[in-house]
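Here are my notes on this one, as numbered points. Have the model open while you read.

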Amino acid sequence: MKNTSRSLLVYAFIYLGFLYIPVLFLPLFSFNNSMYFSFPLSGFTFEWYREMFRNEAMHQSLFNSIRVGGFVALFSTILGIFGAKAITRYRMRGKKPVLAIIMLPLVIPEIIVAVALLIFILQAGGSLSLLSVALGHVLLCVPFSIAVLISRFEGFDQSMEEASADLGENSWWTFWRVTFPVVLPGIVASLLLCFTISFDEFIVAYFLSGTEPTLPVYMWNQLRFPKLLPGVLALGACILLASFIVIAFAEWIRQRNNNMALRQSLASMTSKIR
Amino acid sequence: MDHIKILSVSKCFGEVIAVNDVSINIKKGEFFSLLGPSGCGKTTLLRLLAGFEMPDKGEIIIDGIEMNGVPPHQRPTNMVFQSYAIFPHLDVTANVAYGLRKSGLSKAQITQRVTEALELVKLSGYEARKSNELSGGQRQRVALARALIMRPKVLLLDEPLGALDKKLREEMQIELRTLQEQIGITFVFVTHDQEEALTMSDRMAVMGDGIIQQVGTPREIYEQPVSRTVATFIGNINLLEGIVLSRSSAALSVELPIFGKVEIRNSGPGRAVGETVSCVIRPENLSIGASPTDSSIGVILQRSAYFGKSTYFIVRAEDSSIEITVSMQNSRVAPQAGSHLWISWDSSDLVILDE
Ligand SMILES: Nc1ncnc2c1ncn2[C@@H]1O[C@H](COP(=O)(O)OP(=O)(O)OP(=O)(O)O)[C@@H](O)[C@H]1O
Ligand SMILES: [Mg+2]
């Protein structure tokens, strides 16, 4: 018994190391005062961070990615809400095939989607821009958004919406006063998920971004110029830190809510005993 | 005056006919129960009244207004859901006040109304609780207060006591009935528990397979069931097939197994001599003894079942394999299976079914 748990522990450490040690090279080399990634480290420097703050093009691409990610998160989640609500709430013909078509981008290789979109946009006389990237990303993100939201919609008692209607609210107010607050955690999850997917998506962005690169596309371009690469590393390290802070914060909020619920139920229990 | 009129209403879900040509009139201020086995269409009928479903055929008139096409939020009805449907993101006060957004009342007036409603359902002091901090009975009261605060003309209740344990349930039955008498509005109450329907209702309807089997007071339903479905669904009953020997305007003379030739009051449709009829008698209307009386019949005890306040004896006649059940309260005898006993009855307790 003890042996299995120890070997499991070892396994877990190896697993985590395998996952995260490569990632940790990023901040490590971002403080190394050499352009080349090799051991031994040659010395400590903030140069690359200074470089990062000076690099206008990089700022622009970061800003592009954030804009695209924000748009994609919002738009995909709104579509996801409509889709998930329709799928879970209405009886309709051909629901299964429609759902299958919506979910299709999950299984089609991205490169195919990217090429298809490129051909389509050029044929249709459109031009490549951040908007085309964003629309491509929406296509990729809607299935994820719907999947996250369906479970949330399915998990709540439909008679709550009926109760709201029964108490005099039309469907619009019922949505705002009952459905929305109840599915809110799912909406937040969908926003975060879609933003993340869009933020680090490369293939579609590479094909559709035209002259305005998103951050992954910009980084990829920099790989050709070793001189610029450490600046990218510094930015990567910053993004890593930012994601870490966001996740820690989200977890802290979740814990706090749990604790609050726990404390309240304890309070109600003790008041009952008294 | 009829407060609710249900006129030949039908509702299908694909192949399933959930409600089949139902007509019921419910009076103002009445406690009316819909009773029937699971899946017989009770909830569907209630949802038709609330407006969550629209009838395929027929019409519903509530308080003199034709309801076809009127959505739930514009009907003078409120509903207490089987699952209670308490809003989980709101506390008790916000749940109860939910329907008052458009009422035009001031904050103070709303607080006042909430306080009154919570007092009515005996839930004062729970204003700030969230729904996950309430017990089943408390949630049920919140659902009730939330509906009552709207001052509906009709309150619809879908098995509101179904999720409660027996003791709490019996308490709530009394409270609910008292509450209804206190506020005087029409209650339409769905249940599949026959005892609940019998003890609480002014009148009730027994449903089976989407069809109304019988409408009447609990006493009528219990003592004068018209069909086999009603007779067997409500309580324990003995069902016997007999042949009509002769008839007069007031009574039928019927030959029954075990009982022999009996005179039964003739209330239903005309019966021909020689026709087979179904007769029923309640176990508690039969009495059992260890020695014969002038009108008793000898039987053999098959087995008995003890239920605390009463004991059921299952007996058969010596020359027949048909079993009948007799119940006795406070029986002091504990006869062995196989012993000879004597049963007697009053023929006015025998009822001929219409079908
Ligand atoms: N939305 C629906 N879609 C399809 N069939 C339905 C729907 N609602 C009800 N039914 C069917 O209609 C019939 C009556 O259902 P209903 O819910 O009215 O029964 P009930 O008497 O309330 O039963 P219970 O006591 O189990 O609640 C059932 O056969 C049920 O399967
Ligand atoms: Mg039901």
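1. A definition to begin with: a polar contact is a pair of N or O atoms within 3.5 Å; within protein, one must be able to donate a hydrogen and the other to accept it, and residues adjacent in sequence count only if both atoms are side-chain atoms. By that rule, eleven residue pairs are in polar contact across the interface of chain A and chain B, both residues at pLDDT 80 or more.

2. Some ground rules. This is a predicted model, where local features need pLDDT of at least 70 and side-chain atom pairs count only at pLDDT 80 or more, while totals for chains, interfaces and linings use all residues. Residues are numbered from 1 along each chain as its sequence is written, chains are lettered from A and ligands numbered from 1 in the order in which they are written, and side-chain values use heavy atoms, with hydrogens and water left out.

3. How much do chain A and chain B bury between them? About 2200 Å², with 54% of it on carbon and sulfur atoms; buried area here is the accessible area (1.4 Å probe) that two parts lose on being put together, summed over both. In chain A, the residues that lose the most area to chain B are A:D166, A:L167 and A:R177, together 32% of what that side buries. The contact (heavy atoms within 4.5 Å) involves 22 residues of chain A and 26 residues of chain B.

4. Two salt bridges are counted between the chains, a salt bridge being a side-chain nitrogen of Lys or Arg within 4 Å of a carboxyl oxygen of Asp or Glu. B:R47 and A:E162 form a salt bridge at 2.8 Å, N to O. On the side of chain A that touches chain B, α7 (159-166), α8 (171-200) and α11 (229-273) each supply at least two residues; helices (H or I, at least four residues) and strands (E, at least two) are DSSP runs, numbered from the N terminus. The largest share, seven residues, comes from α7(A).

5. Over all chains, the whole structure has 20 salt bridges. Look at B:E116 and B:R151, paired at 3.9 Å, N to O. B:E116 sits in helix α3 (residues 107-120) of chain B and B:R151 in the loop between α4 (136-148) and β7 (154-158), so the pair ties together parts 35 residues apart in sequence.

6. Now ligand 1. The residues around it (a heavy atom within 4 Å) include B:F13, B:P37, B:G39, B:K42 and B:T43. α1(B) gives the most to this shell, with three residues. Which side chains have an N or O atom 2.5 Å from an oxygen atom of ligand 1? B:S38 is one, and B:T44 is another. For B:E159, the distance to a ligand oxygen is 3.2 Å.
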